[in-house]
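Let's take a friendly walk through a protein model, one part at a time. Keep the picture beside you as you read.

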Amino acid sequence: MRNFDFSPLYRSAIGFDRLAHLINEAQRAEATPSYPPYNIELVNEDQYRISMAVAGFDRSEIEIETERDVLKVVGRKAKPETQGTYLHRGIASRDFEHSFRLADHVKVVGARLDNGLLNIELQREIPEAHKPRRILIDGEPLRTVNNVAAPDQLQAA
């Protein structure tokens with residue numbers, strides 16, 4: 001695999017060191033686990049859904065937790081009291097652990113288990129302080145302009 005030097009980016013970009021760190025982590029990452037299979041869906045502009053195929057797992061055998069910007073889904077299968085004799089075993093029932101890195105301001109708002117699919121609902125909630133705002137030139141101290149109008153239509157609030 002090729003190694004890239006991101007140090008030139010640090011000279012002209014301020015605050016993007018986290019992005020470069022994520023790219024470096026992705027380059028070093030081992031093969032992504034493929035069990036259980038999952039989908040990541042964009043439901044609408046600020047809503048996402050992760051669907052994981054966890055057939056055979058009970059609600060009590062799955063843990064979902066978030067810490068900072070990481071969502072971790074862990075499945076620990078309870079050991080059966082008796083082992084059956086299988087002629088063919090095609091349904092996987094092994095333990096798993098998946099981690100998903102969440103973008104800034106993305107929160108988990110719910111989870112449900114239906115018909116062997118674990119659906120985790122995510123919502124991006126951008127704080128008011130981070131929403132776009134127009135800055136008046138030669139104006140009084142900084143204030144937010146609520147409507148986006150032509151510069152000649154802007155009036156002091």
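## The chain as a whole

Among the contacts in the protein chain with a separation of 6 or more, 44% are between residues 24 or more positions apart. Please keep in mind that this is a predicted model.

The protein chain has two helices and seven strands. If you read along the sequence, the pattern is α-α-β-β-β-β-β-β-β. Of the 157 residues in the protein chain, 22% are buried. The chain exposes about 12600 Å², and carbon and sulfur atoms supply 50% of that area.

## The open sheet

In which order do the four strands of the open sheet stand? The order is β1-β2-β7-β6, with antiparallel pairing. Because β1 (38–44) and β6 (106–114) stand at the edges, each has a single partner strand, and one side of each is left without a neighbour in the sheet. From one strand to the next, the twist averages 20 degrees.

Now look at β2 (residues 47–53) and β7 (residues 117–124), which run antiparallel and are joined by seven bridges. Take Q47 as an example: its bridge partner in β7 is Q123.

## Rings that meet

A handy rule for this part: a pair of aromatic rings is described by the distance of the centres and the angle of the planes. The structure holds three aromatic pairs. In one of them, the ring centres of Y38 and F100 are 5.2 Å apart and the planes are at 85 degrees, so this pair is edge-to-face. Y38 belongs to strand β1 and F100 to strand β5 (residues 96–101), so the pair links distant parts of the chain, 62 residues apart. Y38 is partly exposed at 29% relative accessibility, whereas F100 is buried, with a relative accessible area of 8%.

The rings of F57 and F96 are also edge-to-face, because their planes are at 80 degrees, with the centres 5.3 Å apart. F57 is in the loop between β2 and β3, while F96 is in strand β5, 39 residues apart. Both F57 and F96 are buried. Together with Y35, they form one aromatic cluster.

K77 lies over the face of F57, at 5.3 Å from the ring centre, and R94 lies over the face of Y35, at 4.1 Å from the ring centre.

## A glycine in the loop

Is G56 buried or exposed? G56 sits in the loop between β2 and β3 (62–67), and at 52% relative accessibility it counts as exposed. Leaving aside residues up to four places away in sequence, G56 touches E61 and K77. The C-alpha atoms of G56 and G116 are separated by 6.9 Å, although these residues are 60 residues apart along the chain.

Conventions. Residues are numbered from 1 along each chain as its sequence is written. This is a predicted model: local features need pLDDT of at least 70, side-chain atom pairs count only at pLDDT 80 or more; totals for chains, interfaces and linings use all residues. Side-chain values use heavy atoms; hydrogens and water are left out. Two strands pair if DSSP finds at least two bridges between them. Axes are lines fitted to C-alpha atoms, for helices over the stretch in contact, and angles run from 0 to 180 degrees between N-to-C directions. Buried means under 20% relative accessible area, exposed over 50%, partly exposed in between (1.4 Å probe, protein chains only). Contact means heavy atoms within 4.5 Å. Accessible areas come from the Shrake-Rupley method with a 1.4 Å probe; for residues, only the protein chains shown count as cover. Rings of Phe, Tyr and Trp (its six-membered ring) pair if their centres lie within 6.5 Å; planes under 30 degrees apart count as stacked, over 60 as edge-to-face and the rest as tilted. A charge sits over a ring if NZ of Lys or CZ of Arg is within 6 Å of the ring centre and within 35 degrees of the ring normal.
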